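Subject: Structure handover

Hello,

Here is the structure for you to look through. My notes on what was found in it follow below.

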Amino acid sequence: MGGDAGSKVLRLFSFLGAGVICTSAINLYRDIERKKLTQKQIAEEIAEKGNMVNKATVEN
C-alpha cells in the first residue's frame with residue numbers, strides 16, 4: 001500500500017482533470033443539441049407562418 005506520495009497526488013489530479021474534461025465535453029454536446037433543436041423549431045415556425053400567408057393570399 002505504500003508508495004510515493006507524489007505519485008498518488010499526480011494520479012488524483014489526473015483523475016480530477018479527466019472528470020473536468022468529460023464534464024466539459026458533455027456540456028458542450030448538450031449546448032450543441034439545444035441550439036440545433038431551437039433552430040429547427042424556429043425554421044418550423046417560419047414555415048408555418050409562410051403557409052398561413054400563402055393561404056391568406058390564395059383566399060383573397
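Lys 36 has a relative accessibility of 49%, so Lys 36 counts as partly exposed (buried means under 20% relative accessible area, exposed over 50%, and partly exposed in between, with a 1.4 Å probe and protein chains only). The side chain of Lys 36 meets that of Glu 33 in a salt bridge, at 3.3 Å from N to O; the term stands for a side-chain nitrogen of Lys or Arg within 4 Å of a carboxyl oxygen of Asp or Glu. Glu 33 is partly exposed, because its relative accessible area is 30%. Both Glu 33 and Lys 36 lie in helix 1, 3 residues apart, or about one turn of the helix.

Before going on, a word on the source. This is a predicted model in which local features need pLDDT of at least 70 and side-chain atom pairs count only at pLDDT 80 or more, while totals for chains, interfaces and linings use all residues. Residues are numbered from 1 along each chain as its sequence is written, and side-chain values use heavy atoms, with hydrogens and water left out.

How many salt bridges does a search of the whole structure find? The search finds 2. Besides the pair above, Asp 31 and Arg 34 join their side chains in a salt bridge of 2.9 Å, N to O. Asp 31 and Arg 34 are about one helical turn apart, because 3 residues separate them in helix 1. Asp 31 is partly exposed at 34% relative accessible area, whereas Arg 34 is exposed at 52%. As background, side chains of opposite charge can pair when their charged atoms come close.

On the fold, the protein chain has 1 helix and 0 strands (DSSP runs numbered from the N terminus: helices are H or I, at least four residues; strands are E, at least two). Helix 1 covers residues 5–59 and includes Leu 12. Of the 60 residues in the chain, 0% count as buried.

An unreviewed UniProt entry annotates residues 12–29 as "transmembrane region"; such annotations may be inferred rather than shown by experiment. Over residues 12–29 the chain is 100% helix and 0% strand, with the end C-alpha atoms 26 Å apart.

Leu 12 is partly exposed, because its relative accessibility is 47%. Leu 12 also belongs to a nonpolar surface patch with Val 9, Phe 13, Phe 15 and Leu 16, which together have about 540 Å² of accessible area. Patch residues have over 30% relative accessible area and no salt bridge; like charges are joined within 9 Å, nonpolar side chains (Val, Leu, Ile, Met, Phe, Trp, Tyr) within 5 Å. Accessible areas come from the Shrake-Rupley method with a 1.4 Å probe, and for residues only the protein chains shown count as cover.

Regards
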